[in-house]
Every structure is written in structure tokens, then in C-alpha cells.
Amino acid sequence: MKSSGAAGADDIFARFNVSRESQARLKLYADLLRRWNAQINLVSQDSVANLWERHVADALQLRPYIEPARTIIDLGAGAGLPGLVLGLAYPEYQVMLIESNGKKASFLREVARQARISVKVIQDRIERVDSDPYRSSNPVITARAVAPLRQLLELALPFLSSGRGLFHKGRDVGRELTEATKTWIIQYIRHPSMIDPSGAILEILEVRRSHEPDRTLGR
């Protein structure tokens, strides 16, 4: 792991080719997260000392897998990881952040306001959000520490019908895949995490319930 502080931030900015304007926005995010975290527990207190590597770099590593999409829908956005961080670093993306917790949603809005970026914060439960307005944008759906894969696919399914998933998973990724395939038929790519040697980024290409017919047959 890299050290925290300015040196850690500069190393990450260089590693992910972050522009000078985006660097300022990410530093603002880090400052606000540290302040708000004392009140509403956005991330574990132990991880704050290694904020740049553990959280910011963990979000930015999704960049190569997002292209050519331009819309990101972050499920259970929490502290803005990964969706808000990606929007701060790469403002060309259209970012929607879904978060049911009012205090966390307020944090997301305040960061966006101070950073002067246009992101949409939807304060609601994931399953209550209408996915129809986003179908034509072929979005990338992100989620980090939201739910085990089996349940996460249920939540994400309406959005995945016209997009792809990029889900952070930790050391239990193999077990989660085994459990999920009891219910789901999944086409996916398992990318190694750049941050967590035992973790992975699951790129979900297609998914359907195991009892549903394959609609591609006979085409």
C-alpha cells in the first residue's frame, strides 16, 4: 500500500493520468470526507489514514473498463465510491448516484456543489428507482460493498438490461460467484484488482435468471 498524504495523492494522480483541475476536486473530496466521516461514518475510520490508495485509487482503477460508456450509475453510492470519485476525476462522464441514506446523500450533494460538477444524486432505495430513463445510454453500473453478488444482481438487473456492471469484490469473490450461479446465468470477466491482491472487479456482460429462457437462441 502507498502512504497517505500528499505523496500518496500525487502518485495516484500520475498513475491514473488525473488532470490538474481534477486533482483539485479530488483533494476537496478527501478533505470533506475526513470532516464528515467523524459525524456520519462514511468509511471505516481505520481506512481514512490510507484514503488515497484504499478508496480513491480503488475507484479510479475502473476507468479502463468504463469506455466507451459515458453514463455511470452507482448503486448504494455511500461515500461516493466509486461513482462520485470517477465523476470528480473525469467530468466527461454523466454520473447518477443512488443512495437511500439522507445524511450520505447530503454529503454527496455537498461535494458536488463545492466541486462544481454536475452529478445527479437520487435519494431512494435502489429497487424503487426507475431504470427506464437510462436504458438508451448503455450505462455502466457500479457498486462497492453494497451486497453479496447474488443479491446485488437482483438489485442491478433493471439497469443491467441495457448496460454492463463493474462490481468491486473482495476475497470472497469465488464463493459469491458460486452462490450467484445457483440463481443466475452470468457472462462476466473477472479483472484482478490493482488495489486488493485478493479481490477483483467483476465486469458483468450479461445476466439472466437461471429459469429464464435464453432469448438469443434462434436468432
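This is a predicted model: local features need pLDDT of at least 70, side-chain atom pairs count only at pLDDT 80 or more; totals for chains, interfaces and linings use all residues.
**Entry 1: E176**

I began with E176, which sits in helix α9, residues 173–180. Is E176 buried or exposed? I found a relative accessibility of 13%, so E176 counts as buried, the cut-off being under 20%. Next I looked for polar partners of the side chain. One of its polar atoms lies 2.8 Å from the backbone nitrogen of L149. I then listed what E176 touches, leaving aside neighbours within four places in sequence: A147, P148, L149 and K169.

**Entry 2: α8 and α9**

Which residues meet here? From α8 I noted L149, R150 and L153, and from α9 E176, L177, E179 and A180. I sorted the residues of this contact into four nonpolar, three charged and no polar. My buried glutamate, E176, is thus back again, on the α9 side of this contact.

**Entry 3: α2 and α4**

I turned to helix α2 (residues 20–40) and helix α4 (residues 51–60). Their axes come within 12 Å, and I noted a crossing angle of roughly 120 degrees. The crossing is right-handed. On the α2 side I wrote down L26, K27, Y29, A30, L33 and R34, which meet L51, W52 and V56 of α4. This contact divides into seven nonpolar residues, two charged and no polar.

Terms used. Residues are numbered from 1 along each chain as its sequence is written. Side-chain values use heavy atoms; hydrogens and water are left out. Helices (H or I, at least four residues) and strands (E, at least two) are DSSP runs, numbered from the N terminus. Buried means under 20% relative accessible area, exposed over 50%, partly exposed in between (1.4 Å probe, protein chains only). A polar contact is a pair of N or O atoms within 3.5 Å; within protein, one must be able to donate a hydrogen and the other to accept it, and residues adjacent in sequence count only if both atoms are side-chain atoms. Contact means heavy atoms within 4.5 Å. Axes are lines fitted to C-alpha atoms, for helices over the stretch in contact, and angles run from 0 to 180 degrees between N-to-C directions. A crossing is left-handed if the near helix is turned anticlockwise from the far one by less than a right angle, and right-handed if clockwise. Ala, Val, Leu, Ile, Met, Phe, Trp, Tyr, Cys and Pro count as nonpolar, Asp, Glu, Lys and Arg as charged, and the others, Gly among them, as polar.
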